[in-house]
Amino acid sequence: MSKKEKGPAETPLMKQYNEIKAKHPQALLLFRVGDFYETFGEDAITASKTLGIILTKRGAGSPSEIELAGFPHHSLDTYLPKLVRAGHRVAICDQLEDPKMTKTIVKRGVTELVTPGIAFSDKILDGHHNNFLGAIHFGKEIHGIAFLDVTTGEFFTAQGNTEYITKLIQGFEPSEIIYQKNKHSLFQELFGTKYYTFRLDDWIFTPDFGKERLTNHFKTNSMKGFGIDDLEYGIIASGAILHYLGETQHDKLGHITQIQRIEEEKYVWLDRFTIRNLELIAPLNEGGKTLFNVINGTKTPMGDRLLKRWIVMPLKHEEQINLRIDAVADLTDKHSLRAEIEHELNEIGDMERLISKVAVGKIHPKELRVLSRILEHMVPLRDACSHSVSNLLQQLSQRLEPCEEFIQLVERMLLKDPAVMLGKGPVIANGVHSELDELRAISESGKDYLEAMQERESEKTGIPSLKIAFNNVFGYYLEVRNTHKDKVPEEWIRKQTLVSAERYITPELKEYETKILGAEDKISAIEAKLYFELVQKLSAFVGAIQRNAFLIAQLDCLTGFADLAIRNNYSKPTINDSYVIDIKNGRHPVIEGQLKAGVEYVPNDVYLDKEEQQIIMITGPNMSGKSALLRQTALIVLMAQMGSFIPADAAILGIVDKVFTRVGASDNISSGESTFMVEMNETSSILNNLSDRSLILLDEIGRGTSTYDGISIAWAIAEFIHEFPQAKGKTLFATHYHELNEMAVQFPRIHNYNVSVKEVGQKIIFLRKLVEGGSEHSFGIHVAKLAGMPTKVIQRAELMLEQLELNHRSSEMKNVKDVVIQAGASNDMQLSFFQLNDPVLEQIHDQLISIDINTLTPVEALMKLNEIKKLTGG
Ligand SMILES: Nc1ncnc2c1ncn2[C@@H]1O[C@H](COP(=O)(O)OP(=O)(O)OP(=O)(O)O)[C@@H](O)[C@H]1O
């Protein structure tokens, strides 16, 4: 705060402001003054820029001059979301007493601190997304994490290594992450700078504090009941979240009724590359479609939010998966059942967020009516589900609670069509409170009296346009247009002169005004009291309505799956505990919907198991459909384990417990690390976590490096997976190195396939059919042709490729060790080679030194070779 602001001329108001601002230095303070929210100093500059409101000066020219920008208090809903979305923390400072009741300065205090992770305003939230606040507690190897959506009351915790935490953050997409102050550089190192973060004091991140916060909140002795007792770090992170809520003045938390453990053992492990690469919830390229976009057929916001979680957390237990799949099957079979349920779901809005608003006391009367109307659909839904043969739907049906008492209370207490907000019109029904009814009658009759008075006076004075109106400054008045000014009786008291009219009052008018306003003040007070009592009573239903919301979310996802299956012609998968993946005519769910008119997606069979065909080596030219095939296989498996039908004619799927994905790391080059190193590191993390039920997708591994390095990496990895004694992870390996086809000779569970193409003259036609056998030759040069490379270069390349292939064959690459030995040998040779003192050799030497092998593509390598050959006069 600059000196200017603290001059001797500091007014009591600014003194109060400065005191409050000092408590919230990191927040933008909205300071309520009368009907306005004002911002001062730096805050005013920020607010005026972000909101496009006028920046002025308070006390211009005086020693206490300070920037000022403000907006009317009723525009808070418009401006607050803009500030929060722009990444600001906003402290809302309200008047804590009625200005009319005090002679000194009004008491003010911060009533809420809104941050991106803790926001209730519907305008900040996207109804279809959870708004999670995340907290991390960093340990040495293992870290704790917690996520809370304060708008729905959903609260989760877990702990695990960095990779697991990263993956959870990817799946939950928190809007804000809090962590310990002294872990700033560690956080940035692990998670980068793309998240909105806030750091808290270190002492908050201790086991005792965390446990105390949680047990106090849930009113329990331990966290055993929630099954998280052993998650020491998870508890610390969760405690930090509750502390943060307190710090931001969110202490009404009755809707946070439980904390759930994210049970790693229950869900398929998807490594972070898989979530990204399979485009499960976020597209790789802006505007791209995700699996979520394609399979989302939900009708309620709860379903929408839950589906996202189902997608990133597919199940691993056969029984649970089959419960879902059987429900989808029944909903698919029975058209009328589905139609009935969908009809009800269409009418169900965001009951989860509405009931949270009841718990925090922020619900508006109209919203209560909406919630009550939603609850009326519980009984029909329950009845509909009871007609299903699926166990899951039966269970859902039995658990749905009708909440009749809630509906009755709202029906009895609220008007059918109450005002949107308390204080903006009548809310409480007639017949609830006798004094309220009487006061309403007085107010009404007073208004009737005023109407009669207007008519009477108009007649008496001969002023046809005479009007009785009201404003906040001097209450009720009579307004006379200037043309009739001379007809105004003498006893009227003039109050205000406008350009075209004059305003008057009379003793009679004031007498009725006192009656009406007195009644209205009392009406507001009684309505507010009754309304708060009602909300208080309704908060007893928080648990039941939250449970209903969760059941409906599940029902919505399942019905959405059924609908999807019918729309896209999906079929029911068979899930068992075998180690087989046997897909008949599988398709890619996203690509098949995006093909040009007239182009059919070519379906393919994929078979993998532990004994015979563990690894499939898929060769084929670029663009032939290798990646699509890899991804569709994983997507089909994952969709099935989410409980959905699948884009295939049929499939028998042994449960998969982990999915790993690695894609030739061309997009990692920007990080500065060598592609080769990145690829090796990432792949080694697969090898450390392999299981018999793992599914591994390796797409063009080794692409980012020079050809022989690439082949060696790819070979080494495939060999390792094949030879790994503890587990036989099923693997799809896409590569354009046809050299890898040789592996099938040595390794019995590696089989060669290729995505077939037909060469017609100079052109290649993609048939997109996966057929057994390796490719005859590499298609790199074909791609160079497509890229418009000069014919001379292409011809030379073709020639050299032949040479290379000949040499390579003669070296009989038996296994990777041989390659490594060869590489060592050639190093030695290089030395002696360049000891010759020849200028051409020197040039060649320089050329070779300048090559960055880690980023060289095969085509570039060929061109380089061509240049070098020219140097020798070849
Ligand atoms: N089975 C299929 N049926 C119809 N079109 C397909 C099929 N598979 C792939 N395609 C189309 O071909 C395009 C290229 O496929 P994909 O990216 O899988 O090729 P690729 O062999 O992996 O190529 P690259 O090596 O360049 O990554 C896809 O975007 C899609 O439009």
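Gly 620 is buried, because 26 other C-beta atoms sit within 10 Å of its own. Here, "buried" means that 20 or more other C-beta atoms lie within 10 Å of a residue's own, "exposed" means 12 or fewer, and "partly exposed" is in between, with C-beta atoms placed from the backbone. The model is a predicted one, in which local features need pLDDT of at least 70 and side-chain atom pairs count only at pLDDT 80 or more, while totals for chains, interfaces and linings use all residues. Residue numbers start from 1 along each chain, following the sequence as written.

Gly 620 is found in the loop between strand E21 (615–619) and helix H21 (626–642). Helices (H or I, at least four residues) and strands (E, at least two) are simply DSSP runs, numbered from the N terminus. Leaving out residues up to four places away in sequence, Gly 620 touches Lys 626, Asn 754, Val 755, Val 757 and Ser 775. Two residues count as being in contact if their C-beta atoms, placed from the backbone, lie within 7 Å. Met 623 is in the loop between E21 and H21 too. Is Met 623 buried or partly exposed? With 15 other C-beta atoms within 10 Å, Met 623 is partly exposed.

Both of these residues turn up in a database record. An unreviewed UniProt entry lists Gly 620, Pro 621, Asn 622, Met 623, Ser 624, Gly 625, Lys 626 and Ser 627 under "binding site". UniProt positions are given in the numbering used here, feature names are shortened, and annotations may be inferred rather than shown by experiment.

Next comes the ligand. It is surrounded by 13 residues, and the closest are Asn 622, Gly 625, Lys 626, Ser 627 and Ala 628. Which element gives the most to the shell around the ligand? The answer is H21, with three residues. By type, the shell holds five nonpolar, five polar and three charged residues. In this count Ala, Val, Leu, Ile, Met, Phe, Trp, Tyr, Cys and Pro are nonpolar, Asp, Glu, Lys and Arg are charged, and the others, Gly among them, are polar.

H21 also holds Arg 631. This arginine is buried, because 25 other C-beta atoms lie within 10 Å. Beyond its neighbours within four places in sequence, Arg 631 is in contact with Leu 278 and His 588. Arg 631 and Asn 569 are 62 residues apart in sequence, and their C-alpha atoms are 19 Å apart in space.

Zooming out, the chain has 29 helices and 27 strands. Buried residues make up 39% of its 874 residues. Of the contacts with a separation of 6 or more, 70% link residues 24 or more positions apart. The chain splits into domain 1 (3–114), domain 2 (137–262), domain 3 (291–416 + 537–568), domain 4 (434–530), domain 5 (574–778) and domain 6 (786–874). These bounds come from an automatic or database domain assignment. Between the centres of domain 2 and domain 5, taken over C-alpha atoms, there are 37 Å.

Ile 295 belongs to helix H9 (residues 291–295). Ile 295 counts as buried because it has 27 C-beta neighbours inside 10 Å. Apart from residues up to four places away in sequence, Ile 295 touches Leu 564, Pro 589, Met 639 and Ser 644. Ile 295 and Ala 565 are 270 residues apart in sequence, yet 9.1 Å apart from C-alpha to C-alpha.

Helix H18 (residues 434–461) has 28 residues and reaches 40 Å from its first C-alpha to its last, close to the 40 Å expected at 1.5 Å a residue. That expected span is 1.5 Å times one less than the number of residues. The buried residues of H18 are Leu 436, Leu 439 and Gly 446, and they pack against helix H19 (507–538). Just after H18, Gly 462 takes a positive phi of about 70°.

Two residues other than glycine are worth a look for their backbone angles. Most residues other than glycine have a negative phi. Asn 585, in strand E19 (residues 581–586), has a positive phi near 50°. Asn 585 is partly exposed, with 15 C-beta neighbours inside 10 Å. Arg 768, in strand E27 (residues 763–772), has a positive phi near 65°. Arg 768 counts as partly exposed, with 19 C-beta neighbours inside 10 Å.

Definitions and conventions
Near = placed C-beta within 6 Å.
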